[in-house]
Amino acid sequence: MRIKRPFSVLFAVMLCLLPAGCQTQKAKEPEKVELTVKTPPIGLGNIPGVGEAEVYDMLEEAAERFQAQYDRYDVEFNISRYDYLDEQVQLADRYGTPEAADIFFSGSWNVPLYVKRGWLVPLDDMIDKKMRSDVDESIWAQNSIDGQVYVLPYHQLQNTLMVNRAMMEAAGLTEYIPEQDSVAHWSTEDFNLICQRLKESLADENTFALMMYAANNQGDSHIMTLLRAYGCSLYDEDGYFSVDTPEGIQALSWIKEMDTKGITRKGSENLELLECVNLFYNEQLAICVGNLTNLWDARNKGLDVFAANFPDLSGAGYCTSSSNGFCVFDNGDKTKIQAAKDFLRFLCTDEEAMRYTLGTLPVSKSFIEQYQDDIWMLKAYGENTPNTVDNIRGSLNWQGVRDVFYLHINNLLTGTRSPEEVAAAIDESCNAALKEGRNDEK
């Protein structure tokens, strides 16, 4: 051993004299990855400390923070926004091409179709117990298909009714006004009494108790929620529309009766949702569909307003809700998929990125709790989430459903068809659209 040791030392010294010897090995450079992120121009409302912002603004800022702390890959982002009408061109037509999206922000009715085609990556492996428990199970259900999560929910779009408090008081309906900063829960019977009293108290011939519209497909899911007022489940056990039932026909008859009585505005079949919202802001409607952002807007315009659920027989009521979030396309590149998932994980744990959900409604229960004392009605809407109904239910070809549903409500309001005929027509045409989606094998 004593003979070998000097030789070993000498050998080591000789190695150090070689050009490559004893130089510190350079750290391996992380692999470069480019992530293409696409989003429609989805507004996030008025963000505390930021102002009016879109998802695009949040993504741009969050990408920079992610790059600064991420060392698994060297990620470059290509973030762009596309018009709602261009989804086919930007997402579907470019799938499998160099211009394909790796991540897109989902405000899309087409997610179930993309899943069926095998285009999206399930995200369950990146959702730990803490993240899962921080989001209501009803929201996870909305974003799951066949038991797997394909959309990582970011913010909610919860819609209730918004109500003019002064008009309620003038109609002698104070007992139906909820406690301050809470959501009212009305039974269908109570709702009918409220609407009738409001109608009787409104002297202006251009002011009405309740919104109604059927000029286009905007807001159609809220009309569907009214169809639940007398116990209609809207769907059967196989996921097809089931409005041609005694309960569904009764609800359609009820909508037509409110039109005939003048509880809803004359000619409402020619109105669209946004026009009704503006009529509410102008105090020409006492009750209109709206969300947290609409309530803030109304209050900023000087109106004294509160929220109420859509009516049901039990008195708990319904709110309609959907959520927007992030999807990952399966472009066959495991490295990109992993980097995309890491970025989504970052977005849901980054304080600054999550602040952008405060302009609408966070899906995170802990985030709602953190800011509930700072933002009006945030706590109330968060606690109302269990009353959510999902009228979309991950249906394939939902756009096809939207293209026909409102036409039947228009026929109902104009009297072109009876409630019985409308119920049968809704089931026939909406289910044809659903079947078309289910048969799509592209």
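Here is a short chat about some helix packing and nonpolar cores in this predicted model.

Reader: What makes α2 roughly perpendicular to α13?
Author: Helix α2 (residues 55–69) and helix α13 (residues 334–347) pack at an angle of about 110°. Angles of 65 to 115 degrees count as roughly perpendicular, so α2 is roughly perpendicular to α13. Their axes sit 10 Å apart.

Reader: Which residues of α2 meet α13?
Author: On the α2 side you've got Met58, Leu59, Ala62, Ala63, Arg65, Phe66 and Gln69. They meet Ala339, Asp342, Phe343, Phe346 and Leu347 in α13. The residues of this contact split into nine nonpolar, one polar and two charged. Arg and Asp count as charged, so Arg65 and Asp342 go in that group.

Reader: Where else does Met58 turn up, and what does methionine 58 contact beyond its neighbours within four places in sequence?
Author: Met58 is among the residues with the most contacts inside the largest nonpolar core, which has 135 residues. Others on that list include Trp186 and Phe241. Beyond those sequence neighbours, methionine 58 is in contact with Leu44, Tyr154, Phe326, Leu347, Ala353 and Tyr356. Another core, of 15 residues, lies apart from the largest one, and Val115 and Phe329 are among its members.

How values were computed: Residues numbered from 1 in each chain as written. Predicted model: local features only at pLDDT ≥ 70, side-chain atom pairs only at ≥ 80, totals over all residues. Heavy atoms only, no water. Axes fitted to C-alpha atoms, helices over the stretch in contact; angles between N-to-C directions. Helix = DSSP H or I, 4+ residues; strand = E, 2+ residues; numbered from the N terminus. Parallel < 35°, antiparallel > 145°, perpendicular 65-115°, else oblique. Contact = heavy atoms within 4.5 Å. Core = buried A, V, L, I, M, F, W, Y, C linked by side-chain atoms within 4.5 Å. Buried < 20%, exposed > 50% of the residue type's maximum accessible area, 1.4 Å probe, protein only.
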